[in-house]
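Colleague: I would like to go through this model with you. Could we take it piece by piece?

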Amino acid sequence: MSENQKNILDYETVALSDDDTGVIIIDQTKLPGKTEIIKLETAKEIWDAIYLLQVRGAPAIGVAAASGIYVLAKALLKEIPEDDYQAFYAKFTEYKEYLDSARPTAVNLSWALSRMDAVCRAAHEEGRTVAEIVEILGKEARQIKEEDIRVCRAIGEYGLSLVKPGDGILTHCNAGQLATCKYGTATAPIYLGQERGYNFKVFADETRPLLQGARLTSYELHSAGVDVTLICDNMSAMVMKNGWVNAVFVGCDRVAANGDTANKIGTSVVATVAKRYGVPFYVCAPTSTIDFNTPTGDEIRIEQRPAGEVTEMWYKERMAPEGVKVFNPAFDVTDHELITAIVTEHGIARAPFTESLRALQNTK
């Protein structure tokens, strides 16, 4: 298949280079106007890609982090003697903590890095050399990616059981293939339904201020032949009141133990509107996003983004007065009482979430 014949779904969101010296990603800040594939080789390049949203979406961030820490560990083989584990692990830990600082809200970032760290320490305890440890890290990074694909498909199957052919579905931000390695989370039921002739009618919120719904979700769904309509964020109430929406599917960056969820800013507004109009509100979340160490959404640290994303980005000229104060949280927390169900790869959790989420976690 030539580059001219490819659509956006034919590209891998995150991949290792053929020689394992870099992480290959689609630069999502350039979409939909330009499909630019970039290679990340240094710690700063990987950190920047995560922070600047060149790679984004909780699952994709986790895969990128796991692949990234492996690439950095492999590069250390040129600097550190094979028998000097202490020097290797000290630098590995430095990279781990640095990458983990890129984005604080999405739990998959710290989850993936902690998993790679555990593999590294376990291999050392088994008496493996540094070179062998690096090889094991590479296998683990690839395993995390393969798991993501299986998880998203399973979420899609469970999500599809909640809707019927011809339904209208609303989604917010981008929890699609561009946020994962395949299928997406919130879009997984849509893609599986598309394969099976469900003919869903999808409404995609534009998702201010970074327009992930406009630039990414509507782009990838349209490329897949899905009947998708782009709407501004403040139009969700109208389409729900009109009876055009039978279900809302959104993604998630962190689930608290009580079922509160952190997702892209504006998600809680959609949930509130859905509650008003009696539309089921479903959160699609891999179990890796469930954080039982966070009791409620009040404890979730919300990332604050630069003011320029609101006042200047996407405009030829600044559209707000100089000096005006700007509040730009990347995420908000949706109260568990507004959530109809949380769809995971192990099943569907319903209230009381403190019990149902634990039960699903225990099926792993």
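Colleague: Is R56 buried or exposed?

Modeller: R56 is buried, at a relative accessible area of 4%; buried means under 20%, exposed over 50% and partly exposed in between, with a 1.4 Å probe and protein chains only. This is a predicted model, in which local features need pLDDT of at least 70 and side-chain atom pairs count only at pLDDT 80 or more, while totals for chains, interfaces and linings use all residues. Residues are numbered from 1 along each chain as its sequence is written, and side-chain values use heavy atoms, with hydrogens and water left out.

Colleague: Where does R56 sit?

Modeller: R56 is in the loop between α1 (43–51) and α2. Helices (H or I, at least four residues) and strands (E, at least two) are DSSP runs, numbered from the N terminus.

Colleague: And what does the side chain of R56 reach?

Modeller: The side chain of R56 reaches the backbone oxygen of N174 at 2.5 Å. A polar contact of 3.0 Å also joins the side chains of R56 and Q28. A polar contact is a pair of N or O atoms within 3.5 Å; within protein, one must be able to donate a hydrogen and the other to accept it, and residues adjacent in sequence count only if both atoms are side-chain atoms.

Colleague: Which residues is R56 in contact with, leaving aside neighbours within four places in sequence?

Modeller: They are Q28, I61, C173, N174, L178, A179, Q212 and L216, where contact means heavy atoms within 4.5 Å.

Colleague: On to helix α2. How many of its residues are buried?

Modeller: In α2, 17 of the 19 residues are buried, so the helix is largely enclosed by the rest of the structure.

Colleague: What span should α2 have, and how far apart are its end C-alpha atoms?

Modeller: At 1.5 Å a residue, the 19 residues of α2 (residues 58–76) should span 27 Å, and the end C-alpha atoms are 27 Å apart, which agrees. The expected span is 1.5 Å times one less than the number of residues.

Colleague: Changing topic: where is T171, and is it buried or exposed?

Modeller: T171 belongs to strand β4 (residues 168–171) and counts as buried, at 1% relative accessibility. Its side chain reaches the backbone oxygen of F249 at 2.8 Å. Not counting residues up to four places away in sequence, T171 touches several residues, among them A186, V202, D205 and V250.

Colleague: And A188, what is its relative accessible area?

Modeller: The value for A188 is 0%, and the residue is buried. A188 lies in helix α6 (residues 188–195). Leaving aside neighbours within four places in sequence, A188 is in contact with C152, G156 and Y183.

Colleague: Now the sheet. What is the strand order?

Modeller: An open sheet of four strands has the order β11-β8-β9-β12, with mixed pairing. The edges are β11 (290–291) and β12 (331–334), each with a single partner strand, so one side of each is left without a neighbour in the sheet. Two strands pair if DSSP finds at least two bridges between them.

Colleague: How many bridges join β8 to β9?

Modeller: Two bridges join β8 (residues 254–256) to β9 (residues 261–264), and these strands run antiparallel. R254 has A262 as its bridge partner in β9, and V255 stands opposite T261. The two strands form a hairpin with four residues between them, and G259 in the turn has a positive phi of about 95°.

Colleague: What about β9 and β12?

Modeller: Four bridges join β9 to β12, which run antiparallel. In β12, D332 is the bridge partner of N263.

Colleague: Last topic: how many aromatic pairs does the structure hold?

Modeller: The structure holds nine aromatic pairs. In one of them, the ring centres of Y89 and F92 are 6.1 Å apart and the planes are at 15°, so the pair is stacked. Rings of Phe, Tyr and Trp (its six-membered ring) pair if their centres lie within 6.5 Å; planes under 30 degrees apart count as stacked, over 60 as edge-to-face and the rest as tilted.

Colleague: Where do Y89 and F92 lie?

Modeller: Both lie in helix α3 (residues 85–100), three residues apart, about one turn of the helix. Y89 and F92 are both buried, and Y85, F88, Y89 and F92 form one aromatic cluster.
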